[in-house]
Amino acid sequence: MRLFTGIVFCSLVMGVTSENWYSFFKEAVQGVGDLGKAYWNVLTSRHQNSNRYFYAQGNYDAAQRGPGGVWAAKLISSTRVYLQGFLDYYLYGNSSTVLEDSKSNEKAEEWGRSGKDPDRFRPDSMPKNY
């Protein structure tokens, strides 16, 4: 736990060096909200193969907030990938399908964080309200 806290603190300090603390934290909190909205859409959409789009959209929205949003998106995405990998390993074993899906989700998250259009991952038959 101390190691995790130290890593979070060090990455926070590294991200704040050029910005003031208030705006960085504000952007980070707003970025967490963007990622929460994207995750909620993943859970409620019931549209097949839409998770990559929502992950890309959440990371894109968070990155548009500024350095704090990018930091929050990286932290939350890497934590989600770690926890999902841990659970998948114990629930499904070493499944190549699970690993492939996880890698494609990571690619979509990085695409969104880089500021590129997340609609690249949008399924054609997805309703317009998302």
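## Overall make-up

The protein chain has five helices and zero strands. Along the sequence, the pattern reads α-α-α-α-α. This is a predicted model.

The protein chain holds 130 residues, and 35% of them count as buried. Take the contacts between residues at least 6 apart in sequence: 74% of these join residues at least 24 apart.

## Helix H2

H2 covers residues 21–45. It has 25 residues and reaches 36 Å from its first C-alpha to its last. That is close to the 36 Å expected at 1.5 Å a residue. Just after H2 comes arginine 46, with a positive phi of about 55°.

Which residues of H2 are buried? They are Ser23, Phe24, Glu27, Ala28, Gly31, Asp34, Leu35, Ala38, Asn41, Val42 and Ser45. Valine 29 also lies in H2. Valine 29 is exposed, because its relative accessible area is 60%, and the cut-off for exposed is over 50%. The C-alpha atoms of valine 29 and glycine 68 are separated by 7.9 Å. Along the chain, these two residues are 39 residues apart.

## Helix H4

H4 runs over residues 67–92 and has 26 residues. At 1.5 Å a residue it should span 38 Å. Its end C-alpha atoms are 36 Å apart, which agrees.

The buried residues of H4 are Gly68, Gly69, Trp71, Ala72, Ala73, Ser77, Arg80, Val81 and Asp88.

## Where H2 meets H3

Helix H3 spans residues 51–65. The axes of H2 and H3 come within 8 Å and cross at roughly 165°. H2 is therefore roughly antiparallel to H3, since angles over 145 degrees count as such. The crossing is right-handed.

From H2, the contact uses Glu27, Gln30, Gly31, Asp34, Leu35, Ala38, Tyr39, Asn41, Val42 and Ser45. From H3, the partners are Asn51, Phe54, Tyr55, Gly58, Asn59, Asp61, Ala62 and Arg65. By class, the contact has seven nonpolar, seven polar and four charged residues.

## Where H2 meets H4

H2 and H4 pack with their axes 7 Å apart, at an angle of about 45°. That angle makes H2 oblique to H4. H2 passes H4 in a right-handed crossing.

H2 brings Phe24, Glu27, Ala28, Gly31, Val32 and Leu35 to the contact. H4 brings Pro67, Gly68, Gly69, Trp71, Ala72, Ala73 and Ile76. These residues divide into nine nonpolar, three polar and one charged.

Glu27, Gly31 and Leu35 are among the buried residues of H2.

## Glutamate 109 in helix H5

Helix H5 covers residues 96–113, and glutamate 109 lies in it. Is glutamate 109 buried or exposed? Glutamate 109 counts as buried, because its relative accessibility is 3%, and buried means under 20%.

What does glutamate 109 touch, leaving aside its neighbours within four places in sequence? Its contacts are Tyr55, Asn59, Ser77, Arg80 and Val81. Ser77, Arg80 and Val81 are buried residues of H4.

Notes
Residues are numbered from 1 along each chain as its sequence is written. This is a predicted model: local features need pLDDT of at least 70, side-chain atom pairs count only at pLDDT 80 or more; totals for chains, interfaces and linings use all residues. Side-chain values use heavy atoms; hydrogens and water are left out. Helices (H or I, at least four residues) and strands (E, at least two) are DSSP runs, numbered from the N terminus. Buried means under 20% relative accessible area, exposed over 50%, partly exposed in between (1.4 Å probe, protein chains only). Axes are lines fitted to C-alpha atoms, for helices over the stretch in contact, and angles run from 0 to 180 degrees between N-to-C directions. Angles under 35 degrees count as roughly parallel, over 145 as roughly antiparallel, 65 to 115 as roughly perpendicular and the rest as oblique. A crossing is left-handed if the near helix is turned anticlockwise from the far one by less than a right angle, and right-handed if clockwise. Contact means heavy atoms within 4.5 Å. Ala, Val, Leu, Ile, Met, Phe, Trp, Tyr, Cys and Pro count as nonpolar, Asp, Glu, Lys and Arg as charged, and the others, Gly among them, as polar. The expected span of a helix is 1.5 Å times one less than its number of residues.
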